[in-house]
Amino acid sequence: MEAEVFKALLRFLYTDSLPPEMMTEGEDARRMAKGLVVAADTYDLQGLKLICAGKLIRHVNVDTAAELLALAVRHRCHLLKEACTQVPSISSRVGDGRGEQ
């Protein structure tokens, strides 16, 4: 576990709040959310897992769905798994490859 994630985990345990960097939409916030999903699963912190899943769901798209689905399955994050499985496939967005839409 990264030191930043552990620090955020402790902050959540003692204050029931997330660090300020989690309130942004940047890559650091997504990386932190992914790390906290792992930590929340390890320590059975369902509330933290739900909060982080909610943040990650906003970033589910065709490019990120596979990675986030693997995270969701591995760490029993049903909310995130459901969001990832709802992403339309690329083929349904561009037709069947023959120019049809």
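The model is predicted, so local features need pLDDT of at least 70 and side-chain atom pairs count only at pLDDT 80 or more, while totals for chains, interfaces and linings use all residues. Residues are numbered from 1 along each chain as its sequence is written, and side-chain values use heavy atoms, leaving out hydrogens and water.

**Whole protein.** The protein has six helices and zero strands (DSSP runs, H or I of at least four residues for helices and E of at least two for strands, numbered from the N terminus). Of its 101 residues, 36% count as buried (under 20% relative accessible area, with a 1.4 Å probe and protein chains only).

**Helices H2 and H3.** Next, select residues 27-42, helix H2, and residues 46-57, helix H3. They pack at an angle of about 150 degrees, with axes 9 Å apart (axes are lines fitted to C-alpha atoms over the stretch in contact, and angles run from 0 to 180 degrees between N-to-C directions). H2 is therefore roughly antiparallel to H3, a term for angles over 145 degrees.

**Their contact.** Now show side chains. On H2, select Arg 30, Ala 33, Lys 34, Leu 36, Val 37, Ala 40 and Asp 41; on H3, select Leu 48, Lys 49, Cys 52, Ala 53 and Leu 56. These residues make the contact (heavy atoms within 4.5 Å). Eight of them are nonpolar, none polar and four charged (Ala, Val, Leu, Ile, Met, Phe, Trp, Tyr, Cys and Pro count as nonpolar, Asp, Glu, Lys and Arg as charged, and the others, Gly among them, as polar).

Definitions and conventions
Parallel < 35°, antiparallel > 145°, perpendicular 65-115°, else oblique. Buried < 20%, exposed > 50% of the residue type's maximum accessible area, 1.4 Å probe, protein only.
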